[in-house]
Amino acid sequence: MLGRPEYRRALVFCALIGIPVALTAFWFLVAVHQLEQLIWTDWPKDLGRRQAPWWWGIPLLTVAGLVVALVVAHLPGRGGHIPAGGLHAGGVTKAALPGVVIAALVGLPLGAVLGPEAPLIALGGGLALYLASLARAPQTEASTALLGAAGAAAAISALFGNPVVGAVLLMEVAGVGGPQLFAVMLPALLASGVGDLIFTGFVHWTGFETGSLNIGLPTPPPLDWADVLWVPVLAPSVAFFVHWIFVGGQFVARFVESRVVRNTVVCALGAAGCVTAYALATGRSPAEAALSGESTLAGLAHDPHAWSVGALLAVLVFKGLAYTLCLGSLRGGPVFPALFLGGAAGVLLAPLPGLGLVPAMAIGMAASVTAALRLPVSGVVLVVLLLGNVETVALVVIAAVGSFVVGQRLPPGPRVPEFGEGGARRTRGASGA
């Protein structure tokens with residue numbers, strides 16, 4: 001294939017496309033972050049408050065619900081894919097891009113419990129196709145799929161700061177290899193995780209060195225048997241929790257479908273009620289139960305003692321409920337809220353006998369994001385990248401595989417409607433990404 005001139009030209013064109021796509025993704029993410037900072041931190045301080053008041057999310061999410069509802073009802077592409085159906089590799093046309101951008105830039109900063117990854121995938125893929133049409137490049141079915149995937153990968157890599165994550169995520173989302181991919185990948189992934197665990201254990205227990213690529217960074221505390229033994233208990237529990245959040249989101253999507261504008265606003269108000277209840281119950285900022293959780297997760301990991309057991313339970317309950325409502329009604333991605341819920345569950349369970357904070361968060365995040373996306377390899381790569389801790393790789397792998405298996409065995413929710421340009425409707429299975 002590399003010997004074909006048309007394929008080499010496609011590689012060059014994909015490299016060139018990566019430049020404007022990455023720049024667009026950068027400014028999109030800057031806009032979302034700056035708006036979140038302005039609305040949830042700066043404005044309350046300008047009003048003389050230490051944090052956003054308990055009622056802050058009610059007007060914001062009402063506006064978010066109304067704007068997203070109008071985009072879904074009246075613009076081509078209906079604002080992008082419904083997040084309760086997981087991530088999608090393509091299907092967003094050039095005409096759908098304005099609706100995707102408006103729904104994301106309004107909904108996400110105003111408090112939707114969703115992340116920016118799905119709009120970025122749509123933005124990158126759609127922009128790549130738009131640039132290809134401007135360049136009058138030949139557009140066959142194969143070239144369209146290739147350019148769309150390349151643009152989406154460039155955009156998602158800008159979000160996660162790592163090209164490997166973008167490539168692996170898009171490969172799994174696109175379903176390269178079909179069901180056979182998972183049939184081969186799961187045993188290999190599980191075996192590699194167990195092999196790494198045994199190998200790492202023998203290095204620690206015997207004191208012998210075999211040589212490695214370690215460049216001398218500080219070594220975290222080694223794993224022990226208690227960390228490993230907690231994996232088959234915690235990973236299925238977290239997977240069960242997140243699975244039913246998504247099933248609830250799929251029911252919400254069916255509810256919204258009947259009366260789009262009215263029911264979208266109702267669900268946004270429901271999410272605002274959850275955010276408000278969290279703030280009233282804990283006295284903490286409602287922003288912790290709203291938004292994607294990306295910024296809050298970093299604070300949780302660095303200062304877990306600032307969170308009481310009650311606050312952790314409250315954020316799992318109320319953010320989980322708000323997440324359910326947003327998955328079926330608003331527009332965004334499912335990754336970061338899942339990571340946050342898994343991390344919060346890990347912090348809550350870290351005091352269990354023999355379990356530490358880092359292993360608990362690794363297990364929780366891997367199980368949660370895998371249950372949300374049904375993409376075990378992407379879940380492993382993403383969590384390992386976030387933690388930056390080679391000692392927990394084996395736990396992450398085993399937790400991700402266990403979560404994937406549990407999720408596949410649980411009953412799926414209703415089929416989630418998909419919408420193409422102009423409202424042409426399709427449906428997809430709710431159990432896969």
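Trainee: In which helix does Leu 280 lie?
Mentor: This is a predicted model, and its helices are numbered from the N terminus. By that numbering, the helix that spans 260–282 is H9. The helix in which Leu 280 lies is H9.

Trainee: Is Leu 280 buried or exposed?
Mentor: A residue counts as exposed when its relative accessible area is over 50%. Leu 280 has a relative accessibility of 54%, so Leu 280 is exposed.

Trainee: How far apart in space are Leu 280 and Trp 55, C-alpha to C-alpha?
Mentor: In sequence, Leu 280 and Trp 55 are 225 residues apart. In space, the distance from C-alpha to C-alpha is 8.9 Å.

Trainee: What share of the contacts in the chain with a separation of 6 or more comes from residues 24 or more positions apart?
Mentor: The chain has 433 residues, and its secondary structure comes to 15 helices and two strands. Among contacts with a separation of 6 or more, the share from residues 24 or more positions apart is 77%.

Trainee: Where is Leu 291, and is this residue buried or exposed?
Mentor: Leu 291 is in the loop between helix H9 and helix H10, which covers 294–302. Leu 291 is not a glycine, yet its phi is positive, near 60 degrees. Its relative accessibility is 11%, and buried means under 20%, so Leu 291 is buried.

Trainee: Which loop holds Arg 374?
Mentor: Arg 374 also has a positive phi, about 60 degrees, although it is not a glycine. With a relative accessible area of 10%, Arg 374 is buried. Its loop is the one between helix H13 (357–373) and helix H14 (376–387).

Trainee: At what angle do the axes of H13 and H15 cross?
Mentor: Helix H15 covers residues 393–409, and its axis comes within 8 Å of the axis of H13. The contact includes Ala 362, Ala 366 and Thr 370 of H13 and Ala 399, Ser 403 and Phe 404 of H15. H13 passes H15 in a right-handed crossing, and the angle is roughly 35 degrees.

Trainee: How many salt bridges does the structure hold?
Mentor: Side chains of opposite charge can pair when their charged atoms come close. Another joins Arg 284 and Glu 288, at 2.8 Å from N to O. The number of salt bridges is two.

Trainee: What separates Arg 254 and Glu 257 along helix H8?
Mentor: Arg 254 is partly exposed, with a relative accessible area of 37%, and Glu 257 is partly exposed too, at 21%. Both are in helix H8 (residues 225–258). They are three residues apart, so the separation is about one helical turn.

Trainee: Is Glu 288 buried or exposed?
Mentor: Glu 288 meets Arg 284 in a salt bridge. Its relative accessibility is 13%, under the 20% limit, so Glu 288 is buried.

Trainee: What is the area of the nonpolar surface patch that includes Ile 19?
Mentor: Ile 19 is found in helix H1 (residues 5–46). Its relative accessibility is 52%, so Ile 19 counts as exposed. The patch is made by Val 12, Leu 16, Ile 19, Leu 23, Phe 26 and Trp 27, and its area is about 650 Å².

Note on methods:
Residues are numbered from 1 along each chain as its sequence is written. This is a predicted model: local features need pLDDT of at least 70, side-chain atom pairs count only at pLDDT 80 or more; totals for chains, interfaces and linings use all residues. Side-chain values use heavy atoms; hydrogens and water are left out. Patches are made of residues with over 30% relative accessible area and no salt bridge: like charges are joined within 9 Å, nonpolar side chains (Val, Leu, Ile, Met, Phe, Trp, Tyr) within 5 Å. Accessible areas come from the Shrake-Rupley method with a 1.4 Å probe; for residues, only the protein chains shown count as cover. A salt bridge is a side-chain nitrogen of Lys or Arg within 4 Å of a carboxyl oxygen of Asp or Glu. Helices (H or I, at least four residues) and strands (E, at least two) are DSSP runs, numbered from the N terminus. Buried means under 20% relative accessible area, exposed over 50%, partly exposed in between (1.4 Å probe, protein chains only). Axes are lines fitted to C-alpha atoms, for helices over the stretch in contact, and angles run from 0 to 180 degrees between N-to-C directions. A crossing is left-handed if the near helix is turned anticlockwise from the far one by less than a right angle, and right-handed if clockwise. Contact means heavy atoms within 4.5 Å.
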